[in-house]
Amino acid sequence: MEFGYEFILEEKKEVSGSDLGLLQEKLLQLNWGVQHPASGPMRLKVWIDGDEVVKVDPDIGYVLRLLEKLVEYRNWINAIVNVERACFIDNFGTMAGYSIAAEKIAGIEVPKKADYMRVILCEGGRIVSHLLGLGGFVGVLGVHTPSQWALVAREKFLDAFEVYSGQRIATSSIIPGGVRYEPTGKFIEKMVEAIDYLEKEFIPRYEEVFIDNPTLKLRSVGVGVVPKEKAVELGLAGPALRASGVASDIRKDYPYAAYGDFEFKVVTREEGDSYARYCVLFDEIKESAKIIRQAIEGFPEGEYRTKFPIKLPKGEAYVNVEWARGCFGFHLISNGGTGPYRLKMRAPSFANLWAMPEIMKGVKLADVPVIFASLYMCHGDIDR
């Protein structure tokens, strides 16, 4: 303290776990978060040797809301308010998964019009989420223009959601039995406007500047590589899994709602690095736009929902849906009452989170935010 400062090094001790027993005093532990522009409400404990990452330990729980427990105090319909808050960025996929599980227990089928409307909303939610994912990825590199472009495109879709439900974010619009509101011509018109802007303005402009971008590729190509076999072993989900060459997509593998009626491809990349994961998001936006156009062109007449019983028989159901960030599972149990007895959600971000310590081992410290953003996680579904 003679000069007014001192260096504090990690004490010579075992940090945690038997695999760290050989760590010496040269290792320095950094706290990345709790509140960090890239990590959000989560802390990464990062041990470094110089600028090389030796170990990463995710520290979660800062946005725990006990959503699955709260559902037990709701009825079958208003439980949707809790379910959709698993993640506010794309809440349509979670609402669809829960609703389909409840409908399986009830033994009812929803009208075809409801299935089409669910697809339109879910793909709209996927686009909105992927736009934020793209902007966030480039944002961690210190470039914020893409985020602003993505937000402008996102607003077009939020306008459509507001016309349909009165809300821009938490719409509660997919419920057991169908969808909550009658789709109007004005809603379809706003969705077409949003898709037109996306395809004619955002995609070509963004692709020209921020896809084949030399600086961005310099920071992300070959960074955080996950080979195909490793991706399966780690249990990666969604775009992160497909970027390693695994063509896994619940919409294709086990079609639900009306996905079996539409033509679209499962976007994959073989490289398995951060840049590949970024490109998968961009290409999947194009596929979602195609799906929405097909759904609007073939939009059926008829009812938009069917009567859902107040009480369900005893039983249980497990349903997977392809949410924006990957396979989202819902295990729903009824004890014959007016609401869920138990709900367990299997969330993709939680699966991707625990791959981080393996992926980040041996990378440079500056690559940590790039890899983190490329895994495209949502804290809401990690903690629930």
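Close-up 1. L66 is located in the loop between β5 (52–59) and α1; helices (H or I, at least four residues) and strands (E, at least two) are DSSP runs, numbered from the N terminus. The model is predicted: local features need pLDDT of at least 70, side-chain atom pairs count only at pLDDT 80 or more, and totals for chains, interfaces and linings use all residues. Residues are numbered from 1 along each chain as its sequence is written, and side-chain values use heavy atoms, with hydrogens and water left out. L66 counts as exposed because its relative accessibility is 52% (exposed: over 50% relative accessible area; buried: under 20%; partly exposed in between; 1.4 Å probe, protein chains only). Phi of L66 is near 55°, a positive value in a residue other than glycine.

**Close-up 2. Y376 in a loop between two helices.** Y376 occupies the loop between α14 (368–374) and α15 (379–383). Although Y376 is not a glycine, its phi is positive, at about 55°. With a relative accessible area of 6%, Y376 is buried.

Close-up 3. T94 belongs to helix α3 (residues 92–106) and counts as buried because its relative accessibility is 0%. The T94 side chain reaches the backbone oxygen of N91 at 2.9 Å. Neighbours within four places in sequence aside, T94 is in contact (heavy atoms within 4.5 Å) with V83, E84, A86, W323, F328 and F330.

Close-up 4. Y73 is exposed, its relative accessible area being 63%.

Definitions and conventions. Polar contact = N/O pair within 3.5 Å; in protein donor to acceptor, adjacent residues only side chain to side chain.
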